[in-house]
Amino acid sequence: MSDIINADQAHENYVYISKLRKDISNGFWMLVGELKKCRDNRYWAVLGNQTWASYLAQPEIDFNEHTVDNWITIYNRIKECHLLPPEGVIDIDISKLAVVLPHLTPENGEELLQKAKNLSRSDLREEFRQKRATPELPEGKYNVIYADPPWPYEEHGVSVSENYGGATQHYPTMTIEQIRDLPVKDLATDNSTLFIWVTSPKLNQVWEIINSWGFEYKTSFVWDKVKHNFGYYNSVRHELLLVCGRGSSTPEIAELFDSVQTIERTEKHSEKPEEFRKIIETLYPSAKKIELFAREKHEGWEVWGDEV
């Protein structure tokens with residue numbers, strides 16, 4: 001983008017899109033067309049609340065096309081599945097369409113869209129959670145446990161871009177109770193360390209999970225992602241890796257890493273920097289290690305999760 005729009009332009013865009021969204025259930029595909037115009041004209045559509053208008057005017061924000069593409073993604077996916085009716089109108093709330101989007105195929109599309117029309121958004125999400133096949137935890141014992149739980153979020157103003165946006169668009173989430181009740185305590189040796197990722201909105205809930213898994217909070221790392229993400233109260237650019245202990249959990253190697261790690265995030269949703277794994281390996285070189293909710297295998301680690 002060659003020029004950053006000023007606050008007046010941003011607010012004008014916000015008002016313009018807000019008017020189009022007044023009857024969102026009946027005017028959605030018209031809105032998609034208007035969003036494409038906004039993008040082509042390098043005017044950025046503002047789809048959230050009015051605070052986004054002033055956000056766009058900040059010159060340090062690397063604002064990209066995700067805001068527009070989130071909505072176009074829904075349109076394209078429904079069109080690919082040959083589910084777009086001749087009149088171009090689907091009378092279903094956009095947030096519910098976003099929940100079914102990852103599961104949508106030409107074969108099941110009509111059934112899922114009917115469910116999206118009849119069920120509440122929370123019921124839809126629960127149905128997909130129940131269908132999730134979670135593998136059994138292994139029976140071994142581990143000195144280091146590294147976990148990146150699939151936290152549940154109330155995703156208002158749902159984002160459905162290919163690589164970013166709401167968690168449910170990229171992987172099945174779990175309830176706090178489902179995460180808490182995993183028998184992680186049985187995996188830990190008497191002297192072990194837990195590294196668990198958490199975002200700021202989930203800080204109040206992570207403590208019961210740590211306690212249920214048999215650990216005590218010790219300290220934390222802060223991942224400064226460099227790039228900004230939208231938030232309700234501020235521009236979010238960090239995530240927390242909590243370090244928790246059971247018994248004697250101090251590192252084998254007395255190397256003090258900076259508690260704030262500045263590493264630019266990738267465009268892949270929720271992907272964590274490999275640097276943190278290297279830090280753990282440096283501090284606990286001889287420990288038997290397992291990664292929970294893993295996406296891929298790594299040498300020297302056992303892994304558990306339904307995405308491996």
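Which residue in β5 does Trp223 stand opposite? In this predicted model, the residue opposite Trp223 is Gln261 of β5. Strand β3 (residues 216–229) and β5 run parallel and are joined by three bridges.

These two strands belong to an open sheet of seven strands, in which the pairing is mixed and the order is β5-β3-β4-β2-β1-β6-β7. The edges of the sheet are formed by β5 (260–262) and β7, each of which pairs on one side only. From one strand to the next, the twist averages 20 degrees.

Strand β1 (residues 142–147) pairs with β6 in the parallel sense over four bridges, and Val144 has Lys289 as its bridge partner in β6. The pairing of β6 with β7 (residues 301–304) is likewise parallel and comprises four bridges. Here Leu292 has Trp304 of β7 as its bridge partner.

The side chains of β6 were also examined. In a regular strand, side chains alternate between the two faces of the sheet. In β6 (residues 289–292), Lys289 and Glu291 point one way, whereas Ile290 and Leu292 point the other way. All four of these residues, Lys289 and Glu291 included, are buried.

Helix α10 (residues 274–283) lies across β1, β2 (188–198), β3, β4 (236–246), β5, β6 and β7. The helix runs at about 165 degrees to β1.

Conventions:
Residues numbered from 1 in each chain as written. Predicted model: local features only at pLDDT ≥ 70, side-chain atom pairs only at ≥ 80, totals over all residues. Heavy atoms only, no water. Buried < 20%, exposed > 50% of the residue type's maximum accessible area, 1.4 Å probe, protein only. Pairing = 2+ DSSP bridges. Axes fitted to C-alpha atoms, helices over the stretch in contact; angles between N-to-C directions. Contact = heavy atoms within 4.5 Å.
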